[in-house]
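Subject: Structure for your files, with notes

Hello,

The structure I promised is below. Please open it beside the notes that come after it.

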Amino acid sequence: MIATQDKVADIVTHYPKTADVFRKHGIDFCCGGQISLEEAVSNHPKLSLTPLLQELEDASQQQGEGMQPQYLSVPSLIQYIQARYHDTLREEFKQLTPYVTKLSRVHGPNHPNLVTLKSTFDAFKSAMLTHTDEEDQNAFPKLVRSANGEAVEDIDAVVQSLVDDHDEAGALLQQMRELTHDFQPPAEACGTWRLVYDRIAHLERETHAHVHLENHVLFPKITG
């Protein structure tokens with residue numbers, strides 16, 4: 001049973017399919033997820049609490065029998081994040097970048113938002129590649145050592161730095177959403193145009209899930 005005082009992030013942690021409901025209504029469940037459902041609704045005047053609660057309850061019943069990452073140990077959870085999100089993110093950037101570049105080059109002269117989209121995408125790509133490399137090479141080993149009982153002097157600062165990176169990534173994703181009018185291509189859009197919008201929308205969904213898992217599942221295992 002989902003209660004109005006439950007935190008948005010906690011709802012998604014326990015019932016992952018509710019992320020789709022929050023996304024549909026523009027409610028941030030990753031970087032801004034530490035507020036109650038009631039407060040989240042109050043920030044969206046067009047939403048009503050009772051119908052939203054019913055949508056969330058319906059979504060919560062759709063859970064499968066798959067793995068629940070919140071019950072993994074810190075080392076196992078980190079391995080899951082690296083395989084599920086870090087590796088796939090790097091591969092997606094390799095595949096998607098040429099299409100974003102082509103779209104800007106071909107249609108940018110008549111649609112300046114596509115030129116800005118490319119520069120914003122490039123900034124997001126650079127930030128996320130730097131961030132995931134930092135996690136894999138430095139931050140995650142420190143988290144494992146801390147979880148194993150070793151005193152890691154700067155662990156709170158390490159976690160806060162990663163959270164700050166997530167906030168930066170979230171802001172860039174929001175800029176891309178605005179530049180693409182919620183990822184809705186115009187009627188005259190070519191195949192490449194539609195592909196780019198679809199895949200950046202998918203990238204947003206994946207990043208939100210990735211950030212949620214770190215901010216609200218992994219990091220609390222370290223900081224309490």
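Predicted model: local features only at pLDDT ≥ 70, side-chain atom pairs only at ≥ 80, totals over all residues.

Residues are numbered from 1 along each chain as its sequence is written, and side-chain values use heavy atoms, with hydrogens and water left out.

Helix α7

Helices here are DSSP runs (H or I, at least four residues), numbered from the N terminus. Helix α7 covers residues 155-179, which is 25 residues. From its first C-alpha to its last α7 reaches 37 Å, close to the 36 Å expected at 1.5 Å a residue; the expected span is 1.5 Å times one less than the number of residues. The buried residues of α7 include I155, V158, V159, L162 and H166, and A169, L172, L173, M176 and L179 are also buried. Buried means under 20% relative accessible area, exposed means over 50%, and partly exposed is in between (1.4 Å probe, protein chains only). These buried residues pack against α6 (112-147) and α8 (191-223). After α7 comes H181, with a positive phi near 55°.

E57

E57 sits in helix α4 (residues 49-60). What does E57 touch, leaving out residues up to four places away in sequence? The answer is M1 and I2, where contact means heavy atoms within 4.5 Å. E57 is buried yet has no salt bridge. The nearest side chain of opposite charge is K24, at 15 Å; for charge, Lys and Arg count as positive and Asp and Glu as negative, and His and the chain ends are not counted.

Cysteines

A search of the whole structure for disulfides (pairs of cysteine sulfur atoms within 2.5 Å) finds 0. C31 is in no disulfide, and the nearest cysteine sulfur, that of C30, is 4.3 Å away. C31 counts as partly exposed, at 29% relative accessibility. C190 is partly exposed too, with a relative accessible area of 30%.

Salt bridges

A salt bridge is taken as a side-chain nitrogen of Lys or Arg within 4 Å of a carboxyl oxygen of Asp or Glu. By this rule there are 13 salt bridges.

One of them pairs D87 with R90, with 3.5 Å between the closest N and O atoms. Both residues lie in helix α5 (residues 74-107), 3 residues apart, about one turn of the helix. An α-helix has 3.6 residues a turn, so residues three or four places apart point the same way. D87 is partly exposed at a relative accessible area of 46%, and R90 is partly exposed at 21%.

R90 also forms a salt bridge with D136, the closest N and O atoms being 2.7 Å apart. That pair links distant parts of the chain, with R90 in helix α5 and D136 in helix α6, 46 residues apart. D136 counts as partly exposed at 22% relative accessibility.

E204 forms a salt bridge with R177, at 2.6 Å between the closest N and O atoms. This pair also links distant parts of the chain: E204 is in helix α8 and R177 in helix α7, 27 residues apart. E204 counts as buried, at 3% relative accessibility.

Salt bridges that share partners join D87, R90, D133 and D136 into one network.

Regards

Note on methods
Helix = DSSP H or I, 4+ residues; strand = E, 2+ residues; numbered from the N terminus.
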